[in-house]
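Let's walk through this model together, taking one region at a time. Keep the structure open beside you as you read.

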Amino acid sequence: MDLQHLRLPEWLPLDWLPLEGEAKAQAALVLLALALAAACLLLGRALSGFTAGTARWLRVAVGTRSVPEAPGGLPLLGHALSLATAYCPWEKMLEWARQKGPLTRFSILYRTGLIVNDPAGAKRVFQTGQRLYDKDLDFSYKPFLSILGTGLVTANGAHWQKQRLLMAPALRIDMLDAIIPIAKVAVERLCKQMESYRGTNQPVDMEEEFRLLTLQIIGEAILSLPPDECDRVFPHLYLPVMEENNRRVLAPWRQLYPVTAWQYNRKVKQLNDYIIGIIRARRAARAANGGKPPAKPDILDRVLTAAEESGDKWTAASEVQLCYEVKTFLLAGHETSSAMLCWSMYELSRNAGALGKVRAEAEAVYGTSAPRDAMPDRDGVDSMEYTHSVLKEALRKYSVVPVVTRNLNSDDELLGHRIPKGSWLIIHVQGIHHQYKEPMAFRPERFMPGGEYEQFPEDIRPYYFLPFIQGPRNCLGQYFALLEARVILSTLCQRFTFRPVDAEKQGETHPSVIPIAPKHGMRMYVS
Ligand code: HEM
């Protein structure tokens, strides 16, 4: 082609090209062609995404018409406005479910959701049909993917199965035994600090203390980190990332704020570098020790042993995956436990009878004469049955994880309705927990032998208590959480009496952050 007489438009910013005449015209044409191809590619992707999204929307909207619809839906917007203006979105969903029945349909713009407020429905999703229900990564878990990535909580399908097999042995009984002394030493440290508040008018923010304490315990259990290292690293690197993730749940556009995004990405990178540094040092130490783990292996050592025994080659991808697993354990393993402890303590501060029973169990295990700090063994902790029931009742009443979401990857039959692939399920754990008698009354006796829980029919009973869900994807840390919490709660109750600064205010639950923590902190006077 003769390009000699081709006149390039003056508005094209081509001055930086170090060429002249025909060569410049040729280069400009190539650049234009590349720009056009990129634009077509982007448009194609947007169109195919839009077409796939529309097809899914149509399939789900039409396929779920037999399910009763929540009241107040608007054309196009669906229930988006009702949810956006509700004080608490999952309370609003529960209000709808109570009006419409065990399965209720709602929509947010083009997305149709189905609220499951029934133990039989939960059994289908979590147990008998578990393979059909994937984690909801494109909505509920999206803001947390920088921490969770492809770790266990957010993995799906064959990848999840492989990781579960690899990680589960790390929390076997001998590791659970090791958690007891870690928790006891940590709570004794907290007791010492709290002595200076005893009998003063200065309250202690127990929410903050429980958060730091559970982070110290999980930090030591996974990575053998000393408490001062946990206090130094996590509040700087990990907690700000989590705070920003929580903000992004309600304000996803925050990821477009350039300074916030830059700071956020920097913290995520520093946290990753920190954890990967520990993994590398640990592997080097094992290599120097003839490939053997240390005498007292922590969770990281146990996972490294399982990875070696699997026979898979260790690669850069294995390192990244393990980093996600460590972050997953950190996240899954402390905020939920800390919320459970806050609500248990709050209820005990208002219920002298229940507090008396917890104290009696503590004295039987730790002793009645000073220093009352005997190290419990597994049988000792297991003997604290009433304390265990206090924790379970706090998990029932406050349902710290109030809803669990899933995406259906194939057509299914749920609670008498045929529902299509692509449906979005919201299993209302709080709704199911509040199907007990007088649900807002705090009664640990419900979980004692012969209590209300045992009255539910045996085949469906586990689906009436779902703080850790049930089935193959149940919480891997549930025994860990309930063990450490028994040690913490019993020790604190044995040593101190707690009184909320403002009992009404302290009892308010946060309306938008999961796990549900106190809305105004948990400030307590100690005596
Ligand atoms: C009171 C404390 C806790 C509560 C209420 C809780 C709750 C839950 C729930 C509801 C799930 C299921 C999430 C879903 O399916 O979308 C889950 C999964 C998980 N939790 Fe916990 N958790 C607690 C403590 C812990 C601790 C201490 C650890 C680690 C040491 C842990 C590790 C995990 C892991 C790894 C999973 C994913 C399991 C899988 O998908 O295979 N959790 N937890």
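Which backbone atom of the protein lies 3.5 Å from a nitrogen atom of the ligand? It is a backbone N or O atom of A332. Please keep in mind that this is a predicted model.

From there, have a look at the iron atom of the ligand. Its only protein donor is C475, through the SG atom at 2.3 Å. You will find C475 in the loop between α17 (452-455) and α18 (478-495).

Now widen the view to the residues around the ligand. There are 26 of them, and C475 is among those that come nearest, along with Y141, W160, R164 and R406. R406 also has a side-chain N or O atom 2.8 Å from an oxygen atom of the ligand. For K135, a side-chain N or O atom is 3.1 Å from a ligand oxygen atom.

Which elements build this shell? At least two residues each are supplied by α6 (157-167), α12 (316-349), β5 (403-408) and α18. The biggest contribution is that of α12, which gives six residues.

L58 is partly exposed, its relative accessible area being 43%, so it passes the patch cut-off of over 30%.

Definitions and conventions:
Residues numbered from 1 in each chain as written. Predicted model: local features only at pLDDT ≥ 70, side-chain atom pairs only at ≥ 80, totals over all residues. Heavy atoms only, no water. Buried < 20%, exposed > 50% of the residue type's maximum accessible area, 1.4 Å probe, protein only. Donors = N, O, S within 2.8 Å, 3.2 Å for Na, K, Ca; no water. Helix = DSSP H or I, 4+ residues; strand = E, 2+ residues; numbered from the N terminus. Near = heavy atom within 4 Å. Polar contact = N/O pair within 3.5 Å; in protein donor to acceptor, adjacent residues only side chain to side chain.
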